[in-house]
Amino acid sequence: MTHPWKSTDEKRTIVFSYSPGNNIIQYLTDMRNLINRAIINAYAMAKSNNNELPSPIVLRRSLKNYYDNNIIYAKHHINPACRNAIAILRSYKKNNNGELRVIKAERLAMRIDSELIKIENNKLRITIKPHEYEYIGIVDKNKKFSEYSKYKLSEVLLTDSKVCITFRTGTLNKPVMDDNIIGFDLNFKSVDYTIIKNNEIVKVDSVDTSDIAKTQRDYARKRTKIQKHIKNPAKRDRKLMEAGHRQKNTVMDKLQTDN
C-alpha cells in the first residue's frame, strides 16, 4: 500500500545559458565560501563522531550563529549550502573507501530552494536578500517550457553560465488525507502544523520537541567524550554503538505520546 503522504510528483528540468551580472557573481562567490565553511564544520563533526557525517539539519545548526552574524543574504540560503556541503563529503567518502578529508568547492554553483524563486512575466525572480530580488530572463525556446511552467517550481541550479529550472510535474493537486490538507513546519525545537479543510484553516497547533533536541545534543557530547578518552579502537567502537542505541531508544520513548 502506498503511503498517503508519499509524493507522486516527477521532476522535469529546462536549461539555458545566461550572462550573470555583478550581483549574481558576488552572490555565487559568497555562497561558495559558505559551502566551504560548511564543509570544514561537517568534517570536524564527522571526526568527532566515528567518521559519521552529520545531517544537513545538524550542520545548519552549527552554522546558524555564523550565518546570522556574517551573511547578508536571506536566511533560507543556508539550507541548500548545507545540503551541498554534505553531498560533496558523502561523494568523496563513497569514492575513497570511507575516508574523509576537507574538500574545497571550486565551482560557482548554487541550488536555490523553491521558497526563494518565482516566475514573473517570463523572468526568474530570485530572492537574494530580504525584499531584494535579482531577475533573470528565461530563454523559453525549450518546447516543453510552456507545459512544465504551469507546475510548481522545485528548485533552481544557478551557475555562472547556466540556469537549470526544475518543476514538479505529474500532479497539480496537493497531498490530502481524509479531504484535509495538512502542512508541517519542522523547526529546531517544535513541529508546527496547519490543517485546512474546504479552503479554510480549521486548526493550527505546535508540538514541543525541545526535549528531543536536548537528547540529541547530550548524546553528541557523550560521543565526543568517548572519541576523546577511549583509545582502544574496538572498545571505542563498541561504546559508540551502545550510545547510538541508547540515543535511538530515548528519542523513540519521547516520541510516544498519550492520545
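**Strands and helices in a predicted fold**

Tutor: Let's start with β2 and strand β6 (residues 152–159): they run antiparallel, and 5 bridges join them. This is a predicted model, in which local features need pLDDT of at least 70, side-chain atom pairs count only at pLDDT 80 or more, and totals for chains, interfaces and linings use all residues. Residues are numbered from 1 along each chain as its sequence is written, and side-chain values use heavy atoms, leaving out hydrogens and water.

Student: What makes β2 and β6 a pair?

Tutor: Two strands (DSSP runs of E, at least two residues) pair if DSSP finds at least two bridges between them. With 5 bridges, β2 and β6 therefore qualify. I112 stands opposite V156 in β6.

Student: Why are β1 and β2 called edge strands?

Tutor: The open sheet has 4 strands in the order β1-β7-β6-β2, with antiparallel pairing. β1 (10–17) and β2 (109–113) each pair on one side only.

Student: Happy with that! Why are α1 and α3 called oblique?

Tutor: Helix α1 (residues 22–47) and helix α3 (residues 78–95), DSSP runs of H or I with at least four residues, pack at about 55°. Angles run from 0 to 180 degrees between N-to-C directions, with helix axes fitted to C-alpha atoms over the stretch in contact. Under 35 degrees is roughly parallel, over 145 roughly antiparallel, 65 to 115 roughly perpendicular, and the rest oblique. The pair is therefore oblique.

Student: How do you know which residues of α1 and α3 meet?

Tutor: Contact means heavy atoms within 4.5 Å. Among those meeting are L34 and I35 in α1, and A81 and N84 in α3.
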